[in-house]
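Reader: I'd like to learn how to read salt bridges in a model. Could you walk me through some?

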Amino acid sequence: MTIDFPKSFFWGAASSATQAEGREKNDGKGENIWDYSSKEFNFRFYDGVTTEHTSYFYRDFKEDIQRMKEIGFNSFRTSISWSRLFPDGIGELNQKGVDFYNQMIDELLAQGIEPFINLYHFDMPMKLQEIGGFENREVIQAYAIYAKTCFKLFGDRVKYWFTFNEPMIPAEAGYLHDRHYPYIVDFKRAATVLHHIVLAHCEAVKIYRELKLSGKIGIIMDVLPVYPRSQNPADLQAAEMADLFYTKSINDAILKGQYPVQLKEILQKYDQMPEVTTTDTTLIASTKIDLLGINYYRPRRVMAKECLPNPKGVFSPEWFFDNYEMPNRRMNTSRGIEIYPKGIYDIAKKIQNEYGNIDWFVSENGIGIQGEEQFIKDGMVQDDYRIDFLKEHLTYLNQAMNEGANCLGYHMWTFVDCWSWGNAYKNRYGFYRLDVETGEKTCKKSGKWFKQVTEEHGFE
């Protein structure tokens, strides 16, 4: 059986500034929340690794882009570091940062690789976090200025722009579930942050349209397809609630131009509604995107609540469902998450049937494995498990495309093993292996396989 993809399909990988660039002396970059928290809350980070070194993309970008070309990339998604461009988040530009991104973009294009540029990947400048980050509406305007600056500096060459990566995560992980700085646990504040991120997205899209640049602009969503334990009405209701809070709350706002009515009713009932003005809702309703990125790693399985929530506890989406651990599910034991390739097909059908079959691409998908050095043979990581993972997901993606889904490309996470939020280098994701001690980067077996896929526009 041959799995064929269009010749125009985008093949590549995704990365982010904080996770890949690292720091060099006198680079002019300002501090962001990860630079700060990985030092000040170092005990929360695996092996205590900070953002200083990561995978050296700031230093090695020319060689790295050559490595991308060598394994067949025709596109690459990364982010601009807001605090590298504006050290304080607003005010004076760091010319060294401007020069770096200009050189990176020019080098990608020179090697025939289309830059997909994301403006925000969880990395709030620390100076702006000190005034509340996205809790503060002033930061929406600071973000709008930052976005406009990027469009003007790089929009003559960058044709694919994204306002945010996984907009749910800064709100949910930073303001409710205690995973990211500022480590706040307060649903209403989380909802405020999410609403302000939606507004910041809308402001950036509006500015992009006003500049009349000849590209496309969109956003990158993290989607966990929700599956109920059973067809029992209580389990079905639990799945509906999980989907409402974690998917529709953001997807409907961005893709349908309005928040779900049911969500507003619940938040009003529990006094958790953020401030939303008529000006806000008008802006959201009038904002349309051109291209959607979808990050997919795992499904969400849920069941009806087994115990009533603590009435004095913190309000949370988990008041309405319990997570369900399906017996005999297939696991990535390194990450402790389920592997479910069909989920990518189900997401594609959801976009096709519920969101107007908008143009989209897989902006992240991949498998992180701990202790990959055990699979090194003759100097190369023999990551057949990654090749199998990619084949399965791409086969389901191809099926959805054959049924009419408008998927334009596939980016694996990630190009080279990178620093991960909280987990540092515990799990390795790259087509290239990074030797953390020496900085050496060597191609894995999956990289050689990927090159063949891009040359043949498919695989057996």
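Author: Let's start in helix α9 (residues 187–210), where Lys 206 and Glu 203 sit three residues apart, about one turn of the helix. Helices here are DSSP runs of H or I, at least four residues, and strands are runs of E, at least two, numbered from the N terminus. This is a predicted model, where local features need pLDDT of at least 70, side-chain atom pairs count only at pLDDT 80 or more, and totals for chains, interfaces and linings use all residues. Residues are numbered from 1 along each chain as its sequence is written, and side-chain values use heavy atoms, with hydrogens and water left out.

Reader: What do the side chains of Lys 206 and Glu 203 form?

Author: Side chains of opposite charge can pair when their charged atoms come close. Lys 206 and Glu 203 meet in a salt bridge, at 3.5 Å from N to O; the term needs a side-chain nitrogen of Lys or Arg within 4 Å of a carboxyl oxygen of Asp or Glu.

Reader: Is Glu 203 buried or exposed?

Author: Buried, at 16% relative accessible area, while Lys 206 is partly exposed at 36%. Buried means under 20%, exposed over 50%, partly exposed in between (1.4 Å probe, protein chains only).

Reader: Which residue does Arg 386 meet in a salt bridge?

Author: Glu 372, at 2.8 Å from N to O. That pair links distant parts of the chain: Arg 386 is in helix α14 (residues 384–402), and Glu 372 is in the loop between β14 (369–370) and β15 (376–377), 14 residues apart. Arg 386 is buried at 0%, and Glu 372 is buried at 0%.

Reader: How many salt bridges does a search of the whole structure find?

Author: It finds 37.
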